[in-house]
Each structure stands twice: as structure tokens, then as C-alpha cells.
Amino acid sequence: MPFYYLDASALVKRYVPETGSAWVRAITEDGAVELSIADLTRVEVGSALARRTREGVIGLDERDDLMARARRYWAYLVGKDAARTSPHLLITALELQAITH
């Protein structure tokens, strides 16, 4: 089973359409991959959505909806024990590489 570590820039693509969004949604929705996300990612995703709100890309209601969806997804991952892993340990133990999509 494939294993992916998602940082905030990747996870935001799950919620905001941009280059790579379709791919991120595909790997995060089918359950056929193992995912890991650092605790800090929650804060960074919130920050990215707030920035898009300030820039006028999304409205306040959409931001609130996306944040609620992100919180539900995070709870799902924690429930699967797939999140909250140290990125440093992942990189060194698994010799991870960045994906360029």
C-alpha cells in the first residue's frame, strides 16, 4: 500500500482548487493509501485558508465550511491512527521524497 506524508501545501489542495487538487483528492478519498500528517499541519491549513479569505479568494462562510471539513478529516485520520507523526522520523526512516504534481 502506498504511503504519503502530506504537508499543509498538499492538504490545502483537498479543499481549495489549484494545481494538484484532483490528485490530492484522489489519494485522500479512496482509502487505498496510508497517510501521515504532522500536528502542525492543522495550524498551517487554517492559516492558508485564512490567507485565501483575506485575499478574497474565498469568503468567510466558505472558509468556515472548509475548516469544518478539514477538522472532520483530521479526526478521521487520527481515528485511523494515520496522523500525528514526526516528519523528521518519517523522512529518515522511510527515505521519503517530495512528489511534484
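**Charged side chains in a predicted model**

Colleague: Is Arg52 buried or exposed in this model?
Modeller: The model is predicted. Arg52 has a relative accessible area of 10%. Because buried means under 20%, Arg52 counts as buried.

Colleague: Which residue of the loop between α1 and α2 pairs with Arg52 of helix α3?
Modeller: The side chain of Arg52 meets that of its partner in a salt bridge of 2.9 Å, N to O. The pair links distant parts of the chain, 34 residues apart, with Arg52 in helix α3 (residues 40–54). The partner in the loop between α1 (8–12) and α2 (21–29) is Glu18.

Colleague: Which helix gives the largest share of the positive patch?
Modeller: The patch of positive charge on the surface gathers Arg42, Arg69, Arg71 and Arg72. Arg71 lies in helix α4. The largest share, three residues, comes from residues 60–79, helix α4.

Colleague: Why does Arg71 count as partly exposed?
Modeller: Buried means under 20% relative accessible area and exposed over 50%, with partly exposed in between. Arg71 therefore counts as partly exposed, since its relative accessibility is 47%.

How values were computed:
Residues numbered from 1 in each chain as written. Predicted model: local features only at pLDDT ≥ 70, side-chain atom pairs only at ≥ 80, totals over all residues. Heavy atoms only, no water. Patch = residues over 30% accessible without salt bridge, like charges linked within 9 Å, V, L, I, M, F, W, Y side chains within 5 Å. Areas by Shrake-Rupley, 256 points an atom, 1.4 Å probe, with all protein chains shown as cover. Salt bridge = Lys/Arg side-chain N within 4 Å of Asp/Glu carboxyl O. Lys, Arg positive; Asp, Glu negative; His and termini not counted. Charge placed at Lys NZ, Arg CZ, Asp CG, Glu CD. Helix = DSSP H or I, 4+ residues; strand = E, 2+ residues; numbered from the N terminus. Buried < 20%, exposed > 50% of the residue type's maximum accessible area, 1.4 Å probe, protein only.
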